[in-house]
There are 2 protein chains.
Amino acid sequence: MPQPDLLPGTLDLLVLKTISRGALHGYGIAQYLLQISDSVLQVGEGSLYPALQRLLVNGWAEAEWRQSETGRRARYYTITAAGKKRLAAEEEQFEKMVGAIHMVLRGRTV
Amino acid sequence: MPQPDLLPGTLDLLVLKTISRGALHGYGIAQYLLQISDSVLQVGEGSLYPALQRLLVNGWAEAEWRQSETGRRARYYTITAAGKKRLAAEEEQFEKMVGAIHMVLRGRTV
DNA sequence: CTGCATACATCGATACTCGATGTATCGCTT
DNA sequence: AAGCGATACATCGAGTATCGATGTATGCAG
């Protein structure tokens, strides 16, 4: 178990943010995350598809079958209004956590 | 499930960093994290003690029974050389992840 | 017509956090 | 001296998430 492919608990955040830029299919989401992160965020399909299901179930995203740019059938995900609210909340929570962790790492004496 | 008490996967990092400042017992570690993070990092005992066990098993920390400042028996944890190496690695990995996630959140077009 | 990239999805194993529960002692207040 | 809150340890089961393996299918290039 050398290194995780991503920080646990942040996948929903990443996916929501990605589809907030425009409708996208699962494979495309994975590609986007890889590219923009310089191959740091390697989200496997076994993590991604369950995550997308979660978003649908919670009403944070909607799905629609369409034709992809390369001609294959693909499921495009769109963020909903509830999803945008959730995204904002998760983003804030994430920054709060990172800030707190940095306090520890910087190691000020209390 | 409103908000998690910490980012999953970062607890070992936090504990290692804390005891790298000097030997400390479990209860004290939780207190320290609370204080320095302004009550953001609320690590429960059910998370902390298993984490400490992990550190011992992996040889990243050593434990010794002593008397606490308040007079009770307490188990003081000290970071080992291997633990310091591990800490550095986890710290680097964490920053890499956070940097990558920020790329997504800032949402540059690729 | 073969292989690779695209595109979907599920499953079991593994790991981690979280809340509840339990024990015990110290020191302060009543 | 009895009671209570804070200190201090630890374990257990439930819930949740990630990961790797596996399976299906199609479009396109060579």
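Predicted model: local features only at pLDDT ≥ 70, side-chain atom pairs only at ≥ 80, totals over all residues.
Residues are numbered from 1 along each chain as its sequence is written, with chains lettered from A and ligands numbered from 1 in the order in which they are written. Local features need pLDDT of at least 70, side-chain atom pairs count only at pLDDT 80 or more, and totals for chains, interfaces and linings use all residues, while side-chain values use heavy atoms, without hydrogens and water.

**Exercise 1.** Determine the strand order of the sheet in chain B and state which strands stand at the edges.

*Solution.* Helices (H or I, at least four residues) and strands (E, at least two) are taken as DSSP runs, numbered from the N terminus. Two strands pair if DSSP finds at least two bridges between them. Strand β3 (residues 73-79) of chain B pairs with β1(B) over two bridges, in the antiparallel sense. In this pairing, Tyr76(B) of β3(B) has His25(B) opposite. The three strands form an open sheet, with antiparallel pairing and the order β1-β3-β2 (chain B). The edges are held by β1 (24-25) and β2 (61-67) of chain B; each has a single partner strand, so one side of each lacks a neighbour in the sheet.

**Exercise 2.** Describe the surface near DNA strand D and identify its polar contacts.

*Solution.* A residue is near the strand if one of its heavy atoms lies within 4 Å of it. Around DNA strand D there are 27 residues, of which Tyr27(B), Glu45(B), Tyr49(B), Ser68(B) and Thr70(B) come nearest. Of the atoms of DNA strand D within 4 Å of the protein, 67% belong to sugar and phosphate.

Polar contacts are pairs of N or O atoms within 3.5 Å:

- A polar side-chain atom of Tyr49(B) is 2.8 Å from a phosphate oxygen of DNA strand D.
- A backbone N or O atom of Gly46(A) lies 3.1 Å from a base nitrogen of DNA strand D.
- An N or O atom in the side chain of Arg72(A) lies 3.2 Å from a base oxygen of DNA strand D.

The elements giving two or more residues to this surface are α3 (45-57) of chain A and, from chain B, α2 (26-36), α3 (45-57) and β3.

Technical notes: Polar contact = N/O pair within 3.5 Å; in protein donor to acceptor, adjacent residues only side chain to side chain. Nonpolar A, V, L, I, M, F, W, Y, C, P; charged D, E, K, R; others polar.
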